[in-house]
Structures are given as C-alpha cells and as structure tokens.
Amino acid sequence: MRTIRYWHDRLRHPRRYRELAQLLSVPHMSAAEVAELQAQRFDAIVRHAVSQTTFYADHYAALDVAVGQRVRPERLPPLRKHQVREHLDAMLARDADRAAVKLGHTGGSTGEPLNFYYTREKHERMLAGMKRGFMMSGWLPGERVMYLWGASRDVSGRGVFAREASNVLDSEMSLAAVSYSEANLAAWCRKLQSWRPVLLYGYASALAELARFMLDTATRPPASLIGAYSTAEMLDADQRRSMEAAFGCKVFNQYGCREVPNIAWECRAGGMHVFSDLVLLEADDAVDEPGRLLVTSLSDRVMPFIRYAIGDSGELVDGECDCGLPFPLMRMSMCRHNDLIVTPDGARVHPSVLNGLLYGMTAIRSYQWVQLAPARLRLDVVCEGRLPSSTIDDIQRGLQQRVHPAMQLECAYRDTIERTAAGKHRFVIGLG
Ligand SMILES: [Zn+2]
C-alpha cells in the first residue's frame, strides 16, 4: 500500500520529487564535500543578490566582491527584520517572474509582522526538504503523515479537520490544531487511531496537548507511529517525555521558519543537524544578543535572505554525530515560547490564531497580546502613528469569529515591548 501511495504522491507532485532526488544525493557526500558545496552556494547567492536586487547592491556597497575570490560571510552585515519590512520590493530579484511571485506573511513567532515574496518553486523545495527531514526517522515517502497545523493561513474554517484525507491513497492529513477543547482532542484521537499515520508533525504545544489528553484518557497510540516532529516552538524535556509516553515513539525536534524553512532536523541519534546544503547557519555573538542566530537561504533566488537575524538564539556544536550524516550540528538555546489563550468556555487557543489576525500589517513594528480576563485581550503595539479605527474593528471582528464571540479588544500604544528575562520576545502572555 505504501508503494501505491508513493506513486500516487509522486505523480501528483513531480517537481517535489525531482527536488527530493537532488536533496537525497547530499547525505552520501562527506562533511568536507558538503561544506564546499555550502561555500560555493553562499558565494553564488551573494553575487546573485548584489546583481539582481537594489537592496543588496546598497547593503553591501562597501564590500568589494572580487571575481575569483569567495565571499566570506563574516564580512557581510546582518539583515534585520526592519530592513526586510522597509525594503520588501527592493529585495525582489529583477529576474524573478513577477506573474509567479506570491506574497507570504510571517513574523508572528517573534511578534514582528513581516511580508516576503515566494514562488511555487520555493514551496515545493520546502516540502521536498521536509520529506528528507522525515526520512531521518526511518519514514519513507508515501507513508502517512498527520499534521497538526495551527497557522490560520494554512487552515480553512474552524472545523476539527483542516484537510481530511479524501481517499485511501492520500498520504497526508491536517488537523486544525488551534483550539484544544476536550471535544476536539477526542476527535483527533479517534482519527489518529483510525487513520494510523506513521508520523505526527505539529507545534510543540499542540503535540503536548494531544499527549496530555491521551495519557489522561489512557488512549493507546496506533502501532504505526514511528515518530512525532515538534516544530516552531521550544520543546522542553517534560513535553518530550510525555509525548514519548503518549505516542509510544521517538520525538524529534525540527527548526525552521516560513521565510527560511528546513534549517535543522533532529536525527535518530538525537543530533540536531543543520541542512547545510540549503542554509548557512551562524551564531553571532553580538553584545546585545549573545548566540543570536543568523540564517542564509542558499537556494532562494527570488527574494534572497542573507545573514538574516531570525530572532532565535542557539549555538553551533562541534563534532560528529553517531548517525554519520555529513550535516553539522547545532543546539537551540532559547526559542519561541508563548502562552495559550483560554476562552470564556475554557477552550485553549493556540497563539497562531492571534498572529493571523495581524498578517500583513507591517505598520506594526512589534506587538504583544496580553490576556487580562477570559473575554478581555489587550494588544500592545509599537507602531508608526496610530492604527486606523477600521483596522482595530477588523481585529476585533476577527477575534470574535476565530477565538470567541464574547472577546473584547483593547489596544495600547507602547514605545517598546519588554523582553523576558531570557531576552526573548513573548508575543502572547496568557492568564497564567
Ligand atoms: Zn545524527
């Protein structure tokens, strides 16, 4: 059956499988060969960015990129989120096919809304990279993956299922994992047992809620499961333990973002491997933000992201992993941590719903949601001028539609948003 699903998937997504075939040649290379490939690709992407975008031509104006010499990353200034916001169009490559370019939205994870350009090609490459990441668990293309998606852009409607597998050949199913009511959790458990996926993939908090429910109700996991992938949020040791107990399989961490996907994937031996053929990851010891991660996409030519200060911190780790993969190792030291919102009827709602309400509002420099009472939320914003009242009405309406009909919004203008003790921006503070 897996083979039939594999061919079904492959025939439906030929571009994705072409990308995957190319990606799968890299793990057979030596670490030195991958490092060389990475250096070549970094040099090429910088030259492309300088020649094809006005932003990078200006940003690197002081740099003399001599022919025949490799560009060294440490000589280039980092790319800050405010620069992406201010120079969006100037970052779009002149040779990009304007008819094929789409506008994506992100930044919710660090409380700074951001738009970016992408193409179908980038999207397909991202999904191919995810397949390679999944294969590190022993999963094979065509085997079933159940996604617990929270981001409202990816989830239509407010039903229990975002996209239900419509026929027996489908190898993917998505749950609209934004509202963790006991009824939703029970429905997901039933689906998990009847659909029998090989992998689970979702936000750390979504997987943790599902695991808690399964342990509380003594629900047995399907024997088919070999791995659960946690993404987008800090995965702590307690969460990992309870997920492993509930799902009866290994839990893997995964790191990436919408603008630069597939940064690092955990292997079966527990190493967090940087996909160094796709990205260059640097830990920049800036005085104000020690361990600040800078990431470069080595493949994104439509809108290059070079030495992008992604807003997370971590470190690169020397040495080799027992698994023998040629990709270098990293460790997250602190990444996104947020609270859930609790509605007046007791459902816990994932913060991605709140971020989705602000997608594309790039006048907002930075924000934080603070829940004051079950039906009262305050939105603290740092922004240029004031938000138009129609915008505030839209956010209020969105809250009532997507979170709870009784939800009331207050808006407060701030000069700055305070960071946590760990220096991290939390964009949702719950009732605690
Ligand atoms: Zn490894």
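**A helix pair, then the sheet**

Modeller: In this predicted model, helix H2, residues 14–23, and helix H6, residues 120–135, have axes that come within 8 Å and cross at roughly 50°. Two packed helices are described by the angle between their axes and the distance between the axes. An angle from 65 to 115 degrees would count as roughly perpendicular and one under 35 as roughly parallel; H2 and H6 are therefore oblique to each other. The crossing of H2 past H6 is right-handed.

The residues that meet can be listed for each helix. H2 contributes Arg15, Arg16, Glu19, Leu20 and Leu23. On the H6 side the contact is made by Glu124, Arg125, Leu127, Ala128, Gly129, Lys131 and Arg132. Sorted by class, the contact between H2 and H6 comprises seven charged residues, four nonpolar and one polar.

Now the domain layout. The domain assignment of the chain places residues 1–335 in domain 1 and residues 341–429 in domain 2. Between the C-alpha centres of domain 1 and domain 2 the distance is 26 Å.

The sheet comes next. Strands of a sheet pair through backbone hydrogen bonds, either parallel or antiparallel. Here four strands make an open sheet with mixed pairing, in the order E19-E18-E17-E20. The edges are taken by strand E19 (408–413) and strand E20 (428–429); each has a single partner strand, so one side of each is left without a neighbour in the sheet.

Opposite Glu410 in E19 stands Arg378, and opposite Tyr413 in E19 stands Val381. Helix H11, residues 389–402, packs on the sheet and touches E18 and E19. The direction of H11 makes about 140° with that of E19.

On to the next pair in the order: strand E17, residues 364–373, is antiparallel to E18, with eight bridges between them. Ser366 has Val382 in E18 as its bridge partner.

To return to the part you asked about, H2 and H6 cross at roughly 50°, with a right-handed crossing and seven charged residues in the contact.

Technical notes. Residues are numbered from 1 along each chain as its sequence is written. This is a predicted model: local features need pLDDT of at least 70, side-chain atom pairs count only at pLDDT 80 or more; totals for chains, interfaces and linings use all residues. Domain bounds come from an automatic or database domain assignment. Axes are lines fitted to C-alpha atoms, for helices over the stretch in contact, and angles run from 0 to 180 degrees between N-to-C directions. Helices (H or I, at least four residues) and strands (E, at least two) are DSSP runs, numbered from the N terminus. Angles under 35 degrees count as roughly parallel, over 145 as roughly antiparallel, 65 to 115 as roughly perpendicular and the rest as oblique. A crossing is left-handed if the near helix is turned anticlockwise from the far one by less than a right angle, and right-handed if clockwise. Two residues are in contact if their C-beta atoms, placed from the backbone, lie within 7 Å. Ala, Val, Leu, Ile, Met, Phe, Trp, Tyr, Cys and Pro count as nonpolar, Asp, Glu, Lys and Arg as charged, and the others, Gly among them, as polar. Two strands pair if DSSP finds at least two bridges between them.
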